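Below are some notes for a colleague who is opening this structure for the first time.

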Amino acid sequence: MGKLLAALEKSVVKSPPLWLMRQAGRYLPEYRQARARAGSFWKLCMTPELAAEVTLQPMRRYGFDAAILFSDILVVPYAFGREIAFEEGEGPRLDPVRSVQELDLNPLHWHSRLEPVRDAMRRVRAELSPETDLLGFCGAPWTLATYMAEGRGSTDQRAAKLWGYRDPEGFAQFLEVIERCVAQHLVAQLEAGATAVQLFDSWAGSLPEKAFAQWVIAPTRRIVDAVRAARPGAKIIGFPRVATLEGYRKYAEETGVDAVSLDTAVPLRWAVTQFGSNVTLQGNLDPILLIAGGRALERAVDELLEETQSVPFIANLGHGILPETPLEHVALLVDRIKGPH
């Protein structure tokens, strides 16, 4: 059993398992070379041998306790037959969705379009040692709905909110279709070799309380149930980024996830007191600290370890690693987490 899986089984590990969101990415020179060879970000994601190579790059360099498959949350809109384009400096673009009828609703087609992701997962699993965990992931329904309704990222998630407020039944149907595809994709990743999976709800913090319950908590609960119906005992991490503390509490208590990933603003002491050993905690080091390095980083890591020493914990960032992060600062983080304390 790998250290991450042990933490998800609620074991308290002295030197907690460590992986970083976006650990395969632009801060690595070898990633930038692979990206240049691929010609586009999307081709890099959807070419199994390239996605597998990029997934393994940070493992070779730093020996993290878990790899996370290099992919993107927008593979789900792609599974529905939507064309995805990534424009340099501007992020993803896709045709906005106005009704469920615009989507390909055939689960066999979803499965076929996402075969490259499963292929990459199998390739990575074959290269990792048995004690190294492998994570799959997917965007959560609300966050995916925001991209699909807007046709791009947005600062206020307006298109999805307007749809939900003006047409509650139609929007609920939209989320339900996304749920089914997300659950199918998570199960497929587990079957292809993932130790556990993470649900990214990057825009969960933009919602009022009632909408948060309807559009974040309820769909996540149904996905967790569907995944475990197909894969009993499946381990699932949830990340309701920038939710309120009350939102985090309800998410942890009501969705059924095994672990909650905490963004940088969540007080660790509050989370430890609130959840104890009921839910594994993950996070929440400020990615900017990895850029700063030095004593600031060392002190923050030591405080992170001290605050979480009595509970199941996975060391990580509060969001993804930033492109300008110095390589030596990541090495310092790894040494500080894994070294004697």
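Is E115 buried, partly exposed or exposed? With a relative accessible area of 28%, E115 is partly exposed, on a scale where buried means under 20% relative accessible area, exposed means over 50% and partly exposed lies in between, for a 1.4 Å probe and protein chains only.

1. On the basis of these notes. The model is predicted, so local features need pLDDT of at least 70 and side-chain atom pairs count only at pLDDT 80 or more, whereas totals for chains, interfaces and linings use all residues. Residues are numbered from 1 along each chain as its sequence is written, and side-chain values use heavy atoms, with hydrogens and water left out.

2. On E115 and its partner. The side chains of E115 and R118 meet in a salt bridge, at 2.8 Å from N to O; a salt bridge here is a side-chain nitrogen of Lys or Arg within 4 Å of a carboxyl oxygen of Asp or Glu. Both residues lie in helix α7 (residues 115-127), three residues apart, which is about one turn of the helix; helices (H or I, at least four residues) and strands (E, at least two) are DSSP runs, numbered from the N terminus. While E115 is partly exposed, R118 is buried, with a relative accessible area of 5%.

3. On the other salt bridges. By this rule the count comes to 21 salt bridges. One of them joins K338 to D65, with the closest N and O atoms 3.9 Å apart, and this pair links distant parts of the chain, since K338 is in helix α16 (residues 327-338) and D65 is in the loop between α4 (48-62) and β1 (66-68), 273 residues apart. K338 is partly exposed at a relative accessible area of 35%, whereas D65 counts as buried at 12%. D104 and R113 also meet through their side chains in a salt bridge, at 3.0 Å from N to O; here D104 is buried, with a relative accessible area of 19%, and R113 counts as partly exposed at 26%.

4. On the packing of two helices. The axes of helix α8 (residues 141-150) and helix α10 (residues 168-191) come within 9 Å and cross at roughly 115°, where axes are lines fitted to C-alpha atoms, for helices over the stretch in contact, and angles run from 0 to 180 degrees between N-to-C directions. From α8, the residues P141, W142, L144, A145 and M148 meet F171, F174, L175, I178, E179 and V182 of α10, contact being defined as heavy atoms within 4.5 Å. By class, this contact has ten nonpolar, no polar and one charged residues; Ala, Val, Leu, Ile, Met, Phe, Trp, Tyr, Cys and Pro count as nonpolar, Asp, Glu, Lys and Arg as charged, and the others, Gly among them, as polar.

5. On E179. This residue is found in helix α10 and counts as buried at 6% relative accessibility. Leaving aside neighbours within four places in sequence, E179 is in contact with P141, P219, R222 and I223.

6. On aromatic pairs. A search of the whole structure finds 17 aromatic pairs, where rings of Phe, Tyr and Trp (its six-membered ring) pair if their centres lie within 6.5 Å, and planes under 30 degrees apart count as stacked, over 60 as edge-to-face and the rest as tilted. The rings of W142 and F171 have centres 6.2 Å apart and planes at 75°, so this pair is edge-to-face. Because W142 lies in helix α8 and F171 in helix α10, the pair ties together parts that are 29 residues apart in sequence. W142 counts as buried at 0% relative accessibility, and F171 is likewise buried, with a relative accessible area of 0%. W270 and F275 form another edge-to-face pair, at 5.6 Å centre to centre and 80° between the planes; W270 is partly exposed at 23%, whereas F275 is buried at 3%. Elsewhere, Y31, F41, W42, F70, Y78 and F86 form one aromatic cluster.

7. On a loop residue. S202 is found in the loop between β5 (196-201) and α11 (209-230) and is buried, with a relative accessible area of 19%. Not counting residues up to four places away in sequence, S202 touches T143 and R241.
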